[in-house]
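Here are some notes to read beside the model. Please keep the sequence open while going through them.

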Amino acid sequence: MTPQQEQQYAKQFGAAKNGRVASGVAKKQGGNGANTPVSEPNKAKKWKSIGLAAAVIGPGLMVMLADTDAGSIITAAQSGAQWGYTMVLPQLILIPILYVVQEITVRLGIVTGEGHGALIRDHFGMGWAMVSVITLFVACIGALVTEFAGIAGVAQMFHIPLYVSVPIVTALLVMVGLSGSYRRVEKIGIAVGLLELLFIVAAIMAKPDLHAMASGLTHFPIGQGNYLFLLAANVGAVIMPWMVFYQQGAVIDKRLQRKDTKLELWDTKIGAVLTQIIMVAVVVTTAVGIHSVNPNTVLNDVQDVTTALTPALGETGVILFALGIAGAGFLAALVVSLAGAWGISEAFRMKHSLNLPPSKAKGFYSLYTLAHVAGAAIVLLGIPLINLVVDVEVMNAILLPIVLGFLLLLERVALPKEYRMSGARKYIVWSLCGIVISFGLYTAAKSFMDFVG
C-alpha cells in the first residue's frame, strides 16, 4: 500500500468513525430522533443499501456455483451411488474449509488490487510464478474437459449429437467472454448457474428416508480403500485451484474497494453454504435412486446416471437433474477459462480485464478462447466421462498443497499487518488448510504407489 493510499484510507476511516460518533450524539440529544436530522433509515436509504449489496455481491456466488461444476456433480453422484448417505457428512464438513480458503482470496484481491499470479511473481519470483501457472493450466484443462463432457452428455439425452452440442456451447461461451463487460458476464453466469437449484428439487422428489440419512451421518468408513479414494475426489471437487485465481481476479475486475469487503465476504459465505447444499442434494438423490436399489451400478457417463435415476425420479425429475448438470457445466466452463486467462496474463504482465475490448487485451482474450477450444477438442475424442471426472478431481486434491501453500504465504507477506489473520483465527485457518494439504499429499503418494504397483 503506497503512502497516498494509506493517507486516503485513513481519511475514509476517520470520516466513517466521525460519522458514527455524530450519529450516536444526535440520537442521545434527540431521544427518539424527532428533533434531529438523524433518524431511523428511511426507505430511500434502505433501497440504497440494497442497491449497494446488489452491486457488490456476485464474485463469491459465481465462483461457488461454478465450484459445483459438472465434474463435482458426477463425483457426488458416484459417491452417493456407491456409499449412500455416508457421503453426506464430508460435504458438510467441507463448508468452513471452502469458505476460509476463498475468504483469503477476497482480502488479497481487494486490499492489494493485484491478481494471484501477479502476487506470486512479485513476492516469490518468476520461477515460482511459472510453477503456479503450470498448476493452474493443468487444473483448468482438466476442469474444462469435464464441463464440456457433462454438457455433451445432457445434450445426447435429447438426441443432440456430440459434434453439434460441443461446438455450439463453445461458441456461446466465447461470445459471452468477448462481450467487453465483467458485470454482463457475471449476470449471465449466475443466471445460468442458478439452474443448479434444480438438484434440490430432484432430491425432494426422490423422497429420501430421513432416518436412514441421519444414520448415514454417523458412519465415516474412511478405512475402506474405495471410500477414501472417492473422499479424495470430493475434496478435489470442492476446493479447486482455479477458484483462488478466479475470485481474486473477479473482485478486481468488478472494482470492489475495501469498504465492500464485508459484503463480499457475506457473498462468499452464502455461496459456500449453497454449493455444498447442492452437493448434498446430488448425493441424496443418487443414494435413494441408485444405492438403495443397486449399489453396484456402473456409471460410465451422464446417460448412465440419468437412466439409473429414472425409476426414482420419473422423466420429469431426470430432466430437471440433467438441466442442473448443463447449467453447472456452462457456468464452470466460463469461470475456469477466465481463471486461467487471468492467472497466466497476470504472471506474464499482460493486459487482462473483461472490461477491456478484445483489441486492447489480445493475449488475455486469446487465452480465454484457446482454453475453450482445447477443452472442447479433447471431449470430441469421446473419452468416458465418469472415470475421467473422478481422476480429475483426485488430481485437484493432489495439486492443493501447491495452491494452498502459496495462498497462506501470500496472506502473510502481501497484506498489510492490519489485514492479516491473527490469534486463534490464524491457527484455525492454518490447521484447516493443513489438513487439506496433508490429504492432498497422502492422495499423491497413494496414487503413485497404485500406479507403480
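**Notes on the model**

This is a predicted model, in which local features need pLDDT of at least 70 and side-chain atom pairs count only at pLDDT 80 or more, while totals for chains, interfaces and linings use all residues. Residues are numbered from 1 along each chain as its sequence is written, and side-chain values use heavy atoms, leaving out hydrogens and water.

1. Cysteines. A disulfide is a covalent bond between the sulfur atoms of two cysteines. With the cut-off of two cysteine sulfur atoms within 2.5 Å, the count is zero disulfides. Cysteine 140 has a relative accessible area of 6%, so it is buried (buried means under 20% relative accessible area, exposed over 50%, partly exposed in between, with a 1.4 Å probe and protein chains only). Cysteine 433, at 1%, is buried.

2. Leucine 410. This residue is part of helix 17, residues 385–413 (a helix is a DSSP run of H or I, at least four residues, numbered from the N terminus). Leucine 410 is buried, at 0% relative accessibility. Its contacts (heavy atoms within 4.5 Å), leaving aside residues up to four places away in sequence, include Leu108, His116 and Phe124.

3. Aromatic pairs. There are eight aromatic pairs (ring centres of Phe, Tyr or Trp, the last by its six-membered ring, within 6.5 Å; planes under 30 degrees apart are stacked, over 60 edge-to-face, the rest tilted). Tryptophan 83 and tyrosine 227 are edge-to-face because their planes stand at 85°, with centres 5.1 Å apart. Tryptophan 83 is in helix 4 and tyrosine 227 in helix 12, 144 residues apart. Tyrosine 227 is buried, at 0%.

Definitions and conventions: Helix = DSSP H or I, 4+ residues; strand = E, 2+ residues; numbered from the N terminus.
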